[in-house]
Structure formats: C-alpha cells, structure tokens
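Here's a quick briefing to read alongside the model. Have the viewer open as you go.

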Amino acid sequence: MSEKSKAELEANKLMKRLRHAVGDAINDFGMIEQGDKIMVCLSGGKDSYAMLDILLGLQKSAPIDFDIVAVNLDQKQPGFPTHILPEYLQALGVDYHIIEEDTYSVVKRVVPEGKTTCGLCSRLRRGILYRVAKELGCSKIALGHHRDDILETMFLNMFFGGKLKAMPPKLVSDNGEHIVIRPLAYVKEKDLVRFATLREFPIIPCNLCGSQPNLQRQVVKEMLEDWDKRFPGRIESMFSALQNVVPSHLADPKLFDFVGLERGQELPHGGDTAFDKEDFSAPAAPANSGKVINILDNRSRDTEALSCK
Ligand code: SF4
C-alpha cells in the first residue's frame with residue numbers, strides 16, 4: 001500500500017471515530033433536537049474547527065433538521081489575523097458572524113499588571129456570546145471542550161476547589177437562558193490534534209493576548225498525559241467514572257440520605273462490603289437513556305461515503 005493510501009485510510013478511520021464519538025455524545029445527552037439552531041463558537045483553535053467540521057458532516061446525514069451558525073468573537077487582541085476565519089467560513093459555505101468587541105482593552109485597563117487576565121476575559125466573552133445567541137435566535141450554544149478538558153477540570157476542582165465537579169456535556173447557561181452543549185465531550189485531545197493536521201485547519205495562535213497559560217491547568221494536563229503513557233486505559237476509566245457515580249459510596253449527605261438509612265434497605269449499588277477486596281473489572285458502559293432520535297441513524301451511509309474517498 002502506498003504512503004498516500006495509508007494516510008487516506010488513517011484519515012478515514014479517524015474521521016469515522018470522531019463522528020461516532022460526537023454522535024454518541026449528542027445521543028446520550030440529547031444535545032440536538034429537530035429544529036434546533038446551534039451557535040457553534042469558533043475561537044480559531046483546533047478544537048472548535050474540528051467541532052464545526054464534524055457537526056456540518058453530521059448535519060448532512062442526520063435524520064433530523066437543524067441549523068448551524070458559526071460565531072467568532074474578535075476580542076481585538078493585537079495581531080489577531082482578521083481575514084483567516086471569514087475566508088475559511090466563506091469557503092465552507094456556512095452561515096457565520098464575526099463579532100467585534102474590544103474586551104482586550106477592557107481587561108488590560110481593569111486587571112492590574114502581573115495579575116491573571118483570563119477570569120475577567122472569559123466572563124466578558126461569555127456574556128457577549130450569550131447576548132449574540134439570543135440576537136441570532138439560537139436554541140443551543142456549542143463549545144469545543146473535549147474529554148481531556150473535562151477531566152482536567154475535574155482534577156482542578158478536586159485539587160483546588162474541594163469539589164467533585166467536572167465540566168458537563170450539556171447544561172443550562174449560568175444566566176438560565178440557553179442550553180450549552182459540548183459535542184466533543186467523548187473526543188480525545190490527541191485525536192483532535194491529528195485531525196487538525198490532516199484537515200489543515202488555519203489555526204490562529206491562542207497567545208495573542210500575551211496572557212500566561214493557566215499554570216495549574218498545565219500541571220494537571222501534564223499529569224494526565226504522563227498517566228496516559230504509563231498506564232494505558234486509566235484516562236478512559238476515569239472518564240467512565242464520571243458516568244458511573246455512586247452517591248451511596250461517597251460522603252455527601254446532600255446526595256444520599258445517610259441519616260435516614262435503615263437496616264434491610266435495598267441499595268442500587270449494594271451495601272458496605274467492609275474489608276472485602278474490590279473487584280476492579282472493566283467499568284460498566286453508561287446506560288444510553290434511549291433517546292428517540294439517533295443522530296447517527298444514517299451511519300451505514302456515512303461509512304460508505306467515507307470509504308469511497
Ligand atoms: S488566554 Fe487571553 S484571550 Fe484567552 S481567556 Fe486568557 S486573557 Fe482571554
């Protein structure tokens with residue numbers, strides 16, 4: 001097999017894996033419904049390019065109709081290449097809006113020199129994106145966070161926030177007006193890196209604002225990457241854990257009525273096994289909630305289309 005054919009085969013396999021991962025997340029969490037208008041937030045980074053690309057592919061083959069509008073917020077960071085996204089999106093033929101708001105100057109003015117700017121910057125960005133979603137009549141806001149972002153957030157909350165809390169695949173926005181979805185919730189970051197290279201996305205660098213990367217997040221990221229290399233399967237197991245929560249075996253009386261426990265009470269996950277050895281067999285796959293619409297219903301057709309490339 002020639003190098004070119006091998007590369008094409010690899011690209012097709014990766015594309016199929018990504019489409020299935022995104023389709024499964026959409027189905028499991030009921031992310032997209034008939035008639036939705038989805039605002040896909042594009043930063044110019046690999047994750048949001050991939051999200052848009054995969055959603056546009058699924059839109060063509062899904063058994064339901066939904067609209068996609070791509071939105072980028074130009075925050076007026078020095079050196080932001082304003083032509084890249086419009087050129088890319090025009091070539092794609094997708095409905096899009098570039099919103100210009102100089103949050104960069106606001107952040108520089110308000111945050112003292114040497115202090116981290118990301119908190120205020122992302123709050124301003126969130127508010128603007130919510131406003132735009134409303135103006136555009138969008139029912140959902142899609143963000144490009146992936147599986148590894150979700151796990152990093154969980155560890156950050158555990159290490160520094162004292163909370164067992166991650167980043168949900170679907171939730172209402174904090175102002176209560178929108179549904180926020182993360183279609184890449186099941187996607188590994190390394191697949192997105194590979195996909196971005198294969199698809200030659202015109203990546204816009206993410207350090208234009210001159211802010212230092214979040215050091216705590218970076219440390220957690222490196223810890224997870226190290227575990228992934230040394231203990232294959234650990235990352236997958238941790239993500240499964242997020243989908244197999246057992247409140248009776250944690251220690252939060254708000255989630256489980258420890259006070260009202262009675263002898264003989266049936267518990268879904270069994271009683272205390274005291275000093276018995278734990279059986280660490282493979283974690284159970286999360287139950288699919290049996291959504292009526294399966295976004296991948298036409299997956300056999302997709303597979304054929306892909307293998308013809
Ligand atoms: S890295 Fe820069 S653009 Fe991104 S949130 Fe932080 S301050 Fe804002």
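What covers the buried residues of helix 7? The cover includes helix 1 (3–29), helix 2 (46–61) and helix 6 (147–161), counting two residues as in contact if their C-beta atoms, placed from the backbone, lie within 7 Å. Helices (H or I, at least four residues) and strands (E, at least two) are DSSP runs, numbered from the N terminus.

A word on the ground rules: this is a predicted model, where local features need pLDDT of at least 70, side-chain atom pairs count only at pLDDT 80 or more, and totals for chains, interfaces and linings use all residues. Residues are numbered from 1 along each chain as its sequence is written.

**Helix 7**
- Glu-189, Leu-192 and Phe-195 are the buried residues of helix 7 (residues 189–199), where buried takes 20 or more other C-beta atoms within 10 Å of a residue's own, exposed takes 12 or fewer, and partly exposed is in between, with C-beta atoms placed from the backbone.
- Looking down the axis of helix 7, these buried residues fall within an arc of 115°, so they line one face of the helix; the arc is that of the directions from the helix axis to the C-beta atoms.
- On the face turned away from that buried side, helix 7 carries the exposed residues Lys-190 and Thr-197.

**Core**
- The largest nonpolar core has 48 residues, and Val-22, Met-39, Val-40, Cys-41, Ile-141 and Ala-142 have the most contacts inside it.
- Such a core is a set of buried Ala, Val, Leu, Ile, Met, Phe, Trp, Tyr and Cys residues joined through C-beta atoms within 7 Å.
- Helix 2 gives the most to this core, with seven residues.
- Leaving out residues up to four places away in sequence, Met-39 touches Val-69, Val-71, Ala-133, Leu-136, Cys-138, Ile-141 and Ala-142.

**Ligand shell**
- Thr-117, Cys-118, Cys-121, Ser-122, Cys-209 and Ser-211 surround the ligand, each with its C-beta atom, placed from the backbone, within 6 Å of it.
- That shell splits into three nonpolar, three polar and no charged residues; Ala, Val, Leu, Ile, Met, Phe, Trp, Tyr, Cys and Pro count as nonpolar, Asp, Glu, Lys and Arg as charged, and the others, Gly among them, as polar.

**Positive phi**
- Lys-76 has a phi near 65° and sits in the loop between strand 2 (67–74) and helix 3 (84–92).
- With 16 C-beta neighbours inside 10 Å, Lys-76 is partly exposed.
- Glu-200 follows helix 7 with a positive phi near 55°, and is exposed, with 8 other C-beta atoms within 10 Å.
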